[in-house]
Amino acid sequence: MSGAELRKWNEVPIAGVPWKFSTEYKTGDWRSERPVIDHGKCTKCLFCYIYCPEMAIKVHWTSDGSKPEKVEVDYNFCKGCGICANVCPVKAINMEPGRR
Amino acid sequence: MRTRLAEQVEMLLHGESAVAWAWKHVEPDVVAAFPITPQTLIVEKFSEFVANGEVRTQFVSVESEHSAISAMVGAAAAGARAATATAANGLQLMHEILYIVSSMRLPVMLGVANRAVSGPINIHCDHTDAMGQRDAGWIMIFTEDAQEAYDTTIQAFKIAENPEILLPIMVNLDGFLISHTAMNVKVFKDPKVVKDFVGETRPVPKIKLMGEEVELSLNPRNPIPVTFGPFAYYDYYFEFKRQQIEAMKKVPDVVERVNDEYYEISGRKYGNGRVVPWNVDDADIVAVVMGSAAGTMRYVARKYRERGVKIGILRVRMFRPFPWRDLQELLRGKEVVAVFDRTQDQGVMGGPLFLETLAALHYLDDRPRNVVNYVFGLGGRDFPPELVEKVFDELIRIKDGKEKPFVKKYVGVRE
C-alpha cells in the first residue's frame, strides 16, 4: 500500500470496522513460495480450487459452462501456503522459490 | 433551573442492591455475569428481578469473567445495551477483553466492587483491581456511597452511549465499605423517568460504509455487513487508537452535562461530575482522595475547620479520563496537597492518583509548595477518623515548616 493511499485517523470509520471489501487487500505479497501449475499434467479435477483457503485458484470454464477448461493461480491473493500442491493427485503443482 | 424533579422513594439499600435497582430501572438488554465477592450481590439481586419477570433483560449465566465480558462484546456489537459486574481477580480475568471492548467502541457498563487482588487472597476493599485496568481505554468513575452508586450507574449508560463518545464505562464502588453497607437510598418511583433519561433503547450510531449508510452494529438488516474486530496492521492500528484518544477527550464535558441533567430530575449532583471539592477554595491544605474514604476525611476535616484549620477535601470522582485541568484549577497555590492512594504501588515513586496529580501540577507557575502521597487501606485495612487526624496533624506540621515534607508514606500499616 503506498503512502498516498493511507487515510488519516478522522477519515476512516470508528471501531476498526473495515471500509473496503477483502478483495481490495492484495495478500499475495505475503508469499515466499509460489505455486506453478504444469498444465500438461493438470487433469482439472479442481481439488486445488476446493482446498485453497484464499479462493486464489481461478477456474476458466468452457463457454457452455459444463466443464473446466483451464486452472490458474491468482497471484494477487495466493499466500503461498502450498496446500494446492499437497492435495494435487497428479503432482501438477510445484512450489517454486520466490515471490513472483 | 427547570423544575423537572421526579418523585422518589427511600429504600434501605446497600451499594450492590443500589446498582441492581439502577439496572432494573434502566433495563439493559443483556446482563451476563459471574459471581465474585464482593460483587455477587449485584447480579444476585438483579437475577431475582429477571426471575420474577420484573425486567425484560436477557440474563446470561457464564462460566467465567472472561466469558462475561466476551458476552458483552457480542451483545453490544449486536446493538444491545449491555451491563456486567465483577471485582478483583474477576476483573483481572476480564483484562484482555477490556481493551477489545473499548477499541470496538462498545458502550458497555461494568460495575466493580473494588477489592484487593490476590495474593495473599483477600476479599476486602482497595483499588488495586481497578488500577490494573486504568490504561484499558475505559471511562472510570469512583463513587462514595450507595446513593451515588445508584445515581452513577444510571448516568453511566447515558455517558457511554453518547454518539460522540461510544466508550465503555466502569462504575467503581468500594468493596464492603459501599457494596455491603446499607443506607437510605432515594430511587425513582417511576422507572419511566430513568428510561426517559437514558433513552428507551441504546442509540446505535450510523456510519458511512462503501457509499451506504449502515448501523455500527451486526444488524443483519444493514445493506453492507459490518465486520467487528478485524486485523489492523502498522498501517492503521495507530489511527484507530487516535480515534479512541479523541473520543476520550470529549468525556469530561459529557460527564459534566449528564451530571447537570441528572440533577434536574433527582436533585442530586456530584461536584462537576469529575471532581467533588469540599471547602477547597480557601484551604491551605487539601487532601485528594477517591471513594468512600472521602466521607471519613470530610467528617474529620469539619472538626479541624471548627478549630480554624483551613483544610479542604477534593474527591476525584472521574479517574479516567483523568481530570487534570480541574486539579490544576483547584489546587494552584495551595500550601500542602496530600494525595491518598488506596492501591498497591511497589517499585514506583507514588500511587497512580498521586503521580497523575503531580504531573498535572507540574505545569502550574503557582504550583503547591508541598505535594505528598499516602498509601492507605490496602486489603480492607481500616481508615478510621483517628488515623485521618494523625495524617492531618502531620500535614499541618509540614505547612508550618515544623516537619520535613516527604514523597510517600504508608498509613495504617504496622511499622
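Good morning. I begin with a strand pair: in chain B, strand β2 (residues 30–33) runs parallel to β3(B), and four bridges join the two. Two strands count as paired if DSSP finds at least two bridges between them. Within this pair, Val31(B) has Phe59(B) of β3(B) as its bridge partner.

Please keep in mind that this is a predicted model, in which local features need pLDDT of at least 70 and side-chain atom pairs count only at pLDDT 80 or more, while totals for chains, interfaces and linings use all residues. Residues are numbered from 1 along each chain as its sequence is written, and chains are lettered from A and ligands numbered from 1 in the order in which they are written.

The pair belongs to an open sheet of seven strands in chain B, with mixed pairing and the order β3-β2-β4-β5-β7-β6-β14. Its edges are β3 (58–61) and β14 (318–320) of chain B; each has a single partner strand, so one side of each is left without a neighbour in the sheet. From one strand to the next, the twist averages 20 degrees. For angles, axes are lines fitted to C-alpha atoms, for helices over the stretch in contact, and the angles run from 0 to 180 degrees between N-to-C directions. Helix α3 (residues 65–77) of chain B lies across β2, β3 and β4 (82–86) of chain B, and runs at about 165 degrees to β4(B).

Two peptide bonds deserve attention. Ser118(B) and Gly119(B) are joined by a cis peptide bond with omega of about 5 degrees, and Gly119(B) sits in the loop between β5 (109–114) and α5 of chain B. The bond from Arg320(B) to Pro321(B) is also cis, with omega near -10 degrees; Pro321(B) lies in the loop between β14 and α11 (324–331) of chain B.

Strand β12 (residues 285–289) and strand β15 (residues 336–341) of chain B pair in the parallel sense over four bridges, and Val286(B) stands opposite Val337(B) in β15(B).

How does α13(B) pack with α10(B)? Helix α10 (residues 293–306) and helix α13 (residues 385–399) of chain B have axes 9 Å apart, at an angle of about 55 degrees. The two are therefore oblique to each other (under 35 degrees counts as roughly parallel, over 145 as roughly antiparallel, 65 to 115 as roughly perpendicular, and the rest as oblique). In this packing, Thr296(B), Met297(B), Tyr299(B), Val300(B) and Tyr304(B) of α10(B) meet Pro385(B), Val388(B), Glu389(B) and Phe392(B) of α13(B). Contact means that the C-beta atoms of two residues, placed from the backbone, lie within 7 Å. By class, this contact has seven nonpolar, one polar and one charged residues. Ala, Val, Leu, Ile, Met, Phe, Trp, Tyr, Cys and Pro count as nonpolar, Asp, Glu, Lys and Arg as charged, and the others, Gly among them, as polar.

Next, the domains. Chain B is divided into domain 1 (8–203 + 249–266) and domain 2 (275–411), with bounds from an automatic or database domain assignment. Their centres, taken over C-alpha atoms, are separated by 27 Å. In chain B, 23 residues of domain 1 are in contact with 21 residues of domain 2. On the domain 1 side, α5 (128–131), β6 (139–142) and α9 (251–266) of chain B each supply at least two residues, and β6(B) gives the largest share, four residues. That side has 14 nonpolar, four polar and five charged residues.

Finally, the two chains. Their contact takes twelve residues from chain A and 18 residues from chain B. The chain A side divides into ten nonpolar, one polar and one charged residues. Also in chain A, Ala15(A) has phi near 70 degrees, a positive value in a residue other than glycine; Ala15(A) is found in the segment before β1 (33–37) of chain A.
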